Amino acid sequence: MNSTFARRLWLVTSLEIGAAFGVLVIAGAIFALAAYVGTLRGDFASTLDRMVAALVSEPATHDARIAGNIVASRYPRAAVSVLLIDETWRVVVAPTAASVRAPYVDIRPRGDNGADVRLDDAFSRLVLGLVTAIGLAPERAHVGTIDIIVRANQTSLVAMVARSVPAFAVVFGLALALAVLLARVLTLQALRPLVEVERALARFAAGDLSPQFVAEDRRHQLGSLARAYNGAIAQMESAFGERERANAAMRQFIADAGHQLRTPLTVVRGFISILRKGDLRTPHDAERILETMNRQSLIMASLIDKLMLLDRWEAPRGPSVAEKIDVARLVSDVIGPIAESHPMREVRVDAPEAGLVDIDPTDLAHAVTNIVDNALKYTTGIVDVRVRREARDVVVNVVDCGPGMSAAEASHACDRFFRGSRRDVEGSGLGLAIARRAVERAGGKLEFESDPHAGSTFRICLPIGE
């Protein structure tokens, strides 16, 4: 996988997670500051109540100077300052330092605010603006002629926040480091299916064609990629298996065809040798030899014709020449010669008029001939051929008395070159393949049921023409 893409994805993920963690850390800091502001507001209220009570009890409700000393004696904490204003004086009671509880008292004429601390640096302005936005405001009361204002000690407040900055920076840095680490883990996890598929494809490119699946996770964003790859591998494995089966069938067919062609060729060559030598014992030997040679040549021609027929049907040379055919009549015409050529077997035909179908008559003749021929070769007893109309189909049933096929043989019965366990029976293994292809060319279907102990039933279903 492209390392640049992985780095970019890692960087983008790091930025996104880092931003999320940064927002969480900042939100936590603001929440902590808001909690502190809430505490200060509580202190403002309680301090104001105590100061008012103290001034009323002394009493000191008309002179800010006296009130300032009373407030200083009861000063609550360093983070709070108290401002007292009467008609003449302005008194500020504030801490001398954050760690010293004894405050100083600054007394000035009313209107002179020189004692107020002004923090003009950027950090202080940021802190004060933030706490003001959060809701920190002075608490006010009026006692006699004195206005009492309890407010935050800005110096103490900014110093407290400044002391928290290093801890905030450490937490923020740890959050960013965790974000980078988590982004790395998530990136590797996200790209895992892509990396595994890439490695598998690299193995294919290197010549290792052995099917190797990758792990799937339906919850993963790229899980569909792994599923698609595994689906392709399964299809490839199936194709390889099909190819191996086809190759095995082809090898078996070549062996069978070679055997079947070798036998008549050997006979023909032997008889040719006899004829050349003129080694004939009786006048009838020549006629017998020629008859045998003719029969063997017909066997070879039949095998070659079947192969050429399948090749022609499979080639993309357009559809068959269909015409409206009376199936019952055609089946009767086809079965007649077959029955006459097998006088030792009973072939019964029940073919009442059932309807017309659009089919090449040669195709249907091939289908019926091959199915009946198979029944006569591989079974004993009566062979029944029935033509019936069922709904919108004309159905040709070929029923034999057995023995039938096993389940394993039935699953491959219509495969090319398949001959099952009865290899002593003369044949090429192409009959049912030809029959199925002929029916399919007519838009029909070939179905069959078989029981090893009860025989087989083949059904040619052909749609009735409009």
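**Figure 1. The N-terminal end of helix 7 is capped by D326.** In this predicted model, a side-chain oxygen of D326 lies 3.2 Å from the backbone nitrogen of A328. Helix 7 covers residues 327-341, 15 residues in total. From first C-alpha to last, helix 7 reaches 22 Å, close to the 21 Å expected at 1.5 Å a residue. The buried residues of helix 7 are V327, A328, L330, V331, V334, I335 and I338. An α-helix has 3.6 residues a turn, so residues three or four places apart point the same way.

**Figure 2. Helix 2 and the residue at its start, D63.** A side-chain oxygen of D63 comes to within 2.9 Å of the backbone nitrogen of R65. Helix 2 spans residues 64-73, and its buried residues are A64, A67, G68, I70, V71 and A72.

**Figure 3. P59 in the loop between helix 1 and helix 2.** Helix 1 takes in residues 3-57. P59 has a relative accessibility of 63% and therefore counts as exposed. I70, by contrast, is among the buried residues of helix 2. P59 and I70 are separated by 11 residues in sequence and by 9.9 Å in space, C-alpha to C-alpha.

**Figure 4. Packing of helix 8 against helix 10.** Helix 8 (residues 361-378) and helix 10 (residues 431-441) pack with their axes 8 Å apart, at an angle of about 150 degrees. Angles over 145 degrees count as roughly antiparallel, and the two helices are therefore roughly antiparallel to each other. The crossing of helix 8 past helix 10 is left-handed. On the helix 8 side, the residues that meet helix 10 are D363, H366, A367, N370, I371 and N374. Helix 10 contributes G431, L432, I434, A435, A438, V439 and R441.

Figure 5. With neighbours within four places in sequence set aside, S124 is in contact with L119 and V158.

Figure 6. Of the 466 residues in the chain, 37% are buried. Among contacts between residues at least 6 apart in sequence, 65% join residues at least 24 apart.

Notes:
Residues numbered from 1 in each chain as written. Predicted model: local features only at pLDDT ≥ 70, side-chain atom pairs only at ≥ 80, totals over all residues. Heavy atoms only, no water. Helix = DSSP H or I, 4+ residues; strand = E, 2+ residues; numbered from the N terminus. Expected span 1.5 Å × (residues − 1). Buried < 20%, exposed > 50% of the residue type's maximum accessible area, 1.4 Å probe, protein only. Polar contact = N/O pair within 3.5 Å; in protein donor to acceptor, adjacent residues only side chain to side chain. Axes fitted to C-alpha atoms, helices over the stretch in contact; angles between N-to-C directions. Parallel < 35°, antiparallel > 145°, perpendicular 65-115°, else oblique. Left-handed = near helix turned anticlockwise from the far one by under 90°. Contact = heavy atoms within 4.5 Å.
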